[in-house]
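Welcome! Here are a few exercises to work through with the structure on your screen. Try each task before you read its solution.

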Amino acid sequence: PATTIRFTIPKGGNVKLIIYDLLGQEVKTLVNEYREAGVYKINFDASDLNSGIYLYKIEVNEFIQTLKMTLVK
């Protein structure tokens, strides 16, 4: 139960990539640091999580995007 999350940053800034459950509780923080502009791949090992639907939120400067993923073990 692992996946790769890919994202692109058009200009440098503090990047936060956080996984949430459907109740809105933070499950895991994958990134919380300054990154330069570019394309990134983050490996997410979900072996310690239960099967289900999770949300991941990417925040960079004023940009915020939330996406859904399904974990099946």
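**Exercise 1: Charges**

Task: How far apart are the mean positions of the positive and negative charges of the protein chain?

Solution: The protein chain has 9 positive and 8 negative charges, and their mean positions lie 6 Å apart. Lys and Arg count as positive and Asp and Glu as negative, while His and the chain ends are not counted. Each charge is placed at NZ of Lys, CZ of Arg, CG of Asp or CD of Glu.

Before going on, note that this is a predicted model, in which local features need pLDDT of at least 70 and side-chain atom pairs count only at pLDDT 80 or more, whereas totals for chains, interfaces and linings use all residues. Residues are numbered from 1 along each chain as its sequence is written, and side-chain values use heavy atoms, with hydrogens and water left out.

**Exercise 2: Fold and dimensions**

Task: Find how many helices and strands the protein chain has, then look at its radius of gyration.

Solution: Start with the elements: there are 0 helices and 6 strands (DSSP runs numbered from the N terminus; helices are H or I with at least four residues, strands are E with at least two). Along the sequence, the pattern reads β-β-β-β-β-β. Next, take the radius of gyration, computed over C-alpha atoms; the globule rule is 2.2 Å times the number of residues to the power 0.38. For 73 residues a compact globule would come near 11 Å, and the protein chain has 12 Å, which agrees. Finally, the C-alpha trace spans about 35 × 20 × 15 Å along its principal axes.

**Exercise 3: The core**

Task: Which residues of the largest nonpolar core touch the most other members?

Solution: A nonpolar core is a set of buried Ala, Val, Leu, Ile, Met, Phe, Trp, Tyr and Cys residues joined through side-chain atoms within 4.5 Å. The largest one has 18 residues, and F7, L17, I19, F44 and Y56 touch the most other members. Strands β1 (2-9), β2 (13-21), β4 (38-45), β5 (52-60) and β6 (63-71) each supply at least two residues of this core. With 4 residues, β5 gives the most.

**Exercise 4: One residue**

Task: Is I9 buried or exposed?

Solution: First locate I9 in strand β1. I9 counts as buried because its relative accessibility is 2% (buried means under 20% relative accessible area, exposed over 50%, partly exposed in between, with a 1.4 Å probe and protein chains only). Then list its contacts (heavy atoms within 4.5 Å): beyond neighbours within four places in sequence, they include V15, Y40 and V60.
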